[in-house]
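Work through the exercises below with the model open. Try each task before reading its solution.

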Amino acid sequence: MSYDDQNVFAKILRGELPHNKVYETEHSLAFHDINPQASVHVLVIPKGSYKSWDDFSKIACDEEKTDYISAIGETARLLGVDKTGYWLLANHGNDSHQEVPHLHTHILGGQALGPMLEGGDLPPGAHYNRY
Ligand code: AMP
């Protein structure tokens, strides 16, 4: 499936929708999530047209990748959650329930977040791998 340039984050990048900016670099933009799931909930997106972590990690150039990783860390520091702890979450595809088909990394924090997964819906026989 090709990149859908009508997704909401593409519209934000084109200035067609408003956003509450936290941080911006040449290749990345961070803004507050419109429907926060924690006291701190910010999204970091690359400015390039990437659907998810999958195509970004495969075809983005090194400069974009470095910029994006640095922007996520810098955004967390600007928010102050580097001192208290935070989650990073980047959904890819149907199983993850990715809603917006433009790569975004959620930064969640500002409170105790609890266990990452409830684990209630594992199929029969499923188990966590031990390494
Ligand atoms: P995901 O399920 O990983 O695709 O998450 C998409 C996220 O985008 C959700 O947390 C939404 O609340 C958020 N979102 C959707 N539209 C906007 C918007 N216009 N501005 C900021 N965040 C948005």
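The model is predicted: local features need pLDDT of at least 70, side-chain atom pairs count only at pLDDT 80 or more, and totals for chains, interfaces and linings use all residues. Residues are numbered from 1 along each chain as its sequence is written, and side-chain values use heavy atoms, without hydrogens and water.

**Exercise 1.** Find the residues that surround the ligand and sort them.

Step 1. The shell holds 17 residues. D33, N91, E99, H104 and H106 are the closest.

Step 2. Sort by type: 7 are nonpolar, 8 polar and 2 charged. Here Asp, Glu, Lys and Arg count as charged, and Gly is among the polar residues.

Step 3. Helix 1 gives the most to this shell, 3 residues.

**Exercise 2.** Identify polar partners of the ligand, using pairs of N or O atoms within 3.5 Å.

Step 1. Start with side chains. An N or O atom in the side chain of N91 lies 2.8 Å from a ligand oxygen.

Step 2. Turn to the backbone. I34 places a backbone N or O atom 3.1 Å from a ligand nitrogen. A polar backbone atom of H97 is 3.4 Å from a ligand oxygen.

Step 3. Check burial. Alone, the ligand exposes 510 Å² (Shrake-Rupley, 1.4 Å probe). The protein buries 84% of that.

**Exercise 3.** Classify the aromatic pair of F9 and F31.

Step 1. Search the whole structure for ring centres within 6.5 Å. There are 4 aromatic pairs.

Step 2. F9 and F31 are 5.5 Å apart, centre to centre, with 70° between planes. Under 30 degrees is stacked, over 60 edge-to-face, the rest tilted. This pair is edge-to-face.

Step 3. F9 is in helix 1 and F31 in strand 2, 22 residues apart. Helices (H or I, at least four residues) and strands (E, at least two) are DSSP runs.

Key. Near = heavy atom within 4 Å. Polar contact = N/O pair within 3.5 Å; in protein donor to acceptor, adjacent residues only side chain to side chain. Phe/Tyr/Trp six-rings, centres within 6.5 Å; stacked < 30°, edge-to-face > 60°.
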